[in-house]
Amino acid sequence: MSTPANKFLPSPKTAAIVGCPFRGGQPKLGVDKGPIHLVEAGLVSQLEELGWKVQFDGHHQFESLAAESDPPIGKLKNPRLVSKVCESVAQAVGGHAKAGQLPVTLGGDHSLAMGTISGTLDAYPDACVVWVDAHADINTSETTDSGNIHGMPVSFLMGLGEKYSEFSWIKPALRTDRIVYIGLRDIDSGEKRLLRENGIKAFSMHEVDRYGIGRVVEMALDHVNPKRDRPVHLSFDVDALDPSVAPSTGTPVRGGLTFREGHYICEAIHETGLLVALDLMEVNPSLADAESVRQTVAVGCSLVRSALGETLL
């Protein structure tokens with residue numbers, strides 16, 4: 001099957017891997033090792049075999065950004081560090097996107113999406129976001145119980161909730177009708193309210209069960225990209241997959257996407273020819289036995305390949 005041309009990327013197509021070994025948005029050790037494992041599993045050569053030029057200049061080093069003193073602001077944990085890292089990621093992703101490359105950001109925790117999506121919207125102001133996750137990650141400082149910012153990036157990108165000078169670099173550029181969720185199944189009560197009040201479209205696992213993944217992806221794209229003319233940023237948290245498929249992640253929730261459903265989403269987004277940025281987040285190699293880690297890393301690489309054009313036939 002021939003690969004569809006990408007409507008936004010020049011030829012030869014170049015993928016820029018942005019390795020983000022960062023865990024400041026949540027408390028569990030190890031998610032900062034995810035990107036290193038993914039690259040060591042051969043991701044660069046796998047993408048080259050699919051016909052991509054791959055730019056990878058090593059993983060970003062965030063040690064220099066670590067604030068010496070970073071006490072909570074209200075409930076927000078590690079706010080200065082998360083902000084500085086995400087601003088740095090925004091500049092990296094935006095730079096690659098403006099250079100006509102497709103940034104593939106490997107996390108790290110999902111707070112990084114504040115950076116990746118800010119970078120994409122800087123280069124492509126009319127882009128839409130397909131967010132694949134067990135969680136909505138739209139808590140605000142008022143609704144969060146934990147204070148972990150990996151559960152809050154969407155609210156920052158939309159300008160919801162209280163404003164903090166430490167995050168003033170984030171433009172509230174993500175419109176409520178330019179994001180759609182797939183795979184939700186663990187949503188806080190405050191998040192449900194925010195989704196309803198802002199009319200944000202979400203397809204939970206209930207809809208996946210009811211309609212099947214093919215129809216759900218079609219309806220999701222119909223909502224955020226009805227004419228199929230907008231650039232697409234795909235932000236994929238591996239905990240969207242059922243823990244039997246991807247066990248090595250920080251907040252696993254039973255009843256998730258199957259292996260094939262996760263891959264179908266990536267394949268279908270690729271087929272649109274509209275993908276301009278990809279995040280793969282929350283692979284945590286320290287949270288399971290060696291075989292579970294190997295399985296999760298292999299699935300992560302496989303999802304990236306599917307989004308960048310690998311097909312079954």
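A salt bridge here is a side-chain nitrogen of Lys or Arg within 4 Å of a carboxyl oxygen of Asp or Glu. The model is predicted, so local features need pLDDT of at least 70 and side-chain atom pairs pLDDT 80 or more, while totals for chains, interfaces and linings use all residues. Residues are numbered from 1 along each chain as its sequence is written, and side-chain values use heavy atoms, without hydrogens and water.

The structure has eleven salt bridges. One of them pairs Arg260 with Glu267, with 3.0 Å between the closest N and O atoms. Glu267 is buried, at 14% relative accessible area, and Arg260 is partly exposed at 34%; buried means under 20%, exposed over 50%, partly exposed in between, with a 1.4 Å probe and protein chains only.

Next, helix α6, residues 189-197. Helices are DSSP runs of H or I, at least four residues, and strands runs of E, at least two, numbered from the N terminus. Which residues of α6 are buried? Gly190, Glu191, Leu194 and Leu195. They lie on the same side of α6 because they cover an arc of only 135° around the axis, taken from the directions from the helix axis to the C-beta atoms. Ser189, Arg196 and Glu197, on the other side, are exposed.

Glu197 also forms a salt bridge with Arg193, at 3.4 Å between the closest N and O atoms. The two are four residues apart in α6, so about one helical turn separates them. Arg193 is partly exposed at 38%. After α6 comes Gly199, with a positive phi near 60°.
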